[in-house]
Amino acid sequence: MRAVKKILVSLVLMIPTSALFAGNCSWQVQPTAVNFGTYSVFSTSTLTTTTNFAFRCTPNLYARLMLSQGRSGVYVPSRIMANGANTVGYNVYLDAGGTQIWGDASGGSVSYDVYNSTPQNKDFTDSMYGIAPPGGDVAAGTYTDTIVAVLGYSNNSTGPFTTLPAVAITVQMIVAPECRVDVFNLDFGAYNPFAVGAVNQSSLLKVYCTKSSAPTSVVLNNGSFPLGAQRRMMSPGGSFLNYDAALGSTSGNSTSSLVPINGGFAVNGSIPAQQDVAVGAYTDTLVATVNY
């Protein structure tokens, strides 16, 4: 009888760690726009906006959401939006208070890091906070930037991270053309009813407009006590003193919203001579309207 020899073969199967890692994260709601709306160069308030996002991760996964710098190439002091050669600053933050700049954890920024410690899939829903500071001396127009969001996941807090396709986020702001005017005074001083000459005085009306824009017109009303087209000042006793006021040239273009156009527009006033009026202090209120 032939003997049968048994041979014991030991097989060892090496399975790469990556093959054992079957978890993943996926977008539920992608962040696609950070829209600031309309920006006023004369506002003293910070302009804010939010955009929401959501992604889902399987158990025991670390996730990291990073944002690029945009056209500025830096996170600090700010990202920028542009309209041609004109730019305006902004940034995107992890918090509504604007203390943590959202980036890739470099250059003064931080990334958005979460961990699913539950035994089931978990949705992470949150917001990005866009903040634009006031006081930007910029021309009217539509300003834009594009930042890129990259979502990665790993079974290790330090990575390496498997990343999903990048998501482009459009950032937009509209700077409106607008103008404002300062309070002005036209002080004639003392008036002598017996003098044969008119009392003349001039002042400056300071008009400020969005950079590189101009008012279409600037007009004065007839004051608070007109008689037809005649402007009048009134005393506490109810007496009236006729006067005239007219604007000089109001043409010009704004070089800065912080500087009055042409340094100011002339307001030329005159009180006709020899009006028979009572003693007293005479006043009126003129309103300047700037159309743009």
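# Reading a predicted model

Tutor: Gln-274 is placed in the loop between β18 and β19 (288-291); strands (E, at least two residues) and helices (H or I, at least four) are DSSP runs, numbered from the N terminus. This is a predicted model, in which local features need pLDDT of at least 70 and side-chain atom pairs count only at pLDDT 80 or more, while totals for chains, interfaces and linings use all residues. Residues are numbered from 1 along each chain as its sequence is written, and side-chain values use heavy atoms, with hydrogens and water left out.

Student: What is phi of Gln-274 near?

Tutor: Most residues other than glycine have a negative phi, and most peptide bonds are trans. In Gln-274, which is not a glycine, phi is positive and near 55 degrees.

Student: Is Gln-274 buried or exposed?

Tutor: Buried means under 20% relative accessible area, exposed over 50%, and partly exposed in between, with a 1.4 Å probe and protein chains only. Gln-274 has 53% relative accessibility and therefore counts as exposed.

Student: Which peptide bonds are cis?

Tutor: The bond from Val-76 to Pro-77 is cis, with omega near 10 degrees, and a cis bond also joins Gly-159 to Pro-160, where omega is about 10 degrees. Pro-77 belongs to the loop between β4 and β5. Pro-160 belongs to the loop between β9 and β10 (162-163).

Student: How many salt bridges does the structure hold?

Tutor: A salt bridge puts a side-chain nitrogen of Lys or Arg within 4 Å of a carboxyl oxygen of Asp or Glu. The structure holds four. One of them pairs Asp-113 with Arg-64, with 2.5 Å between the closest N and O atoms. Asp-113 is in strand β7 (residues 112-116) and Arg-64 in strand β4 (residues 61-67), so this pair ties together parts that are 49 residues apart in sequence. Asp-113 is partly exposed, at 41% relative accessible area, and Arg-64 is partly exposed at 25%.

Student: Where do Asp-145 and Arg-71 lie?

Tutor: Their side chains meet in a salt bridge, with 3.6 Å from N to O. Asp-145 is in strand β9 (residues 141-154) and Arg-71 in the loop between β4 and β5 (79-83), so the pair ties together parts that are 74 residues apart in sequence. Asp-145 is buried, with a relative accessible area of 2%, whereas Arg-71 is partly exposed at 47%.

Student: Which residue meets Asp-182 in a salt bridge?

Tutor: Arg-180, at 2.7 Å from N to O. Asp-182 is partly exposed, with a relative accessible area of 26%, and Arg-180 is partly exposed at 34%.

Student: What surrounds Ser-270?

Tutor: Contact means heavy atoms within 4.5 Å. With neighbours within four places in sequence left aside, Ser-270 is in contact with Phe-188, Ala-198, Val-199, Asn-200, Tyr-243 and Asp-244. Ser-270 lies in strand β18 (residues 265-271) and counts as buried at 18% relative accessibility.

Student: Which side chain makes a polar contact with the side chain of Ser-270?

Tutor: A polar contact is a pair of N or O atoms within 3.5 Å; within protein, one must be able to donate a hydrogen and the other to accept it, and residues adjacent in sequence count only if both atoms are side-chain atoms. For Ser-270 the partner is the side chain of Asn-200, at 2.8 Å.

Student: Is Pro-215 buried or exposed?

Tutor: Pro-215 is buried, at 12% relative accessible area. It lies in the loop between β14 (207-209) and β15 (217-220). Not counting residues up to four places away in sequence, Pro-215 touches Cys-179, Cys-209, Thr-250, Gly-252, Ile-261, Val-290, Asn-291 and Tyr-292. Pro-215 and Asn-35 are 180 residues apart in sequence, and their C-alpha atoms are 28 Å apart in space.
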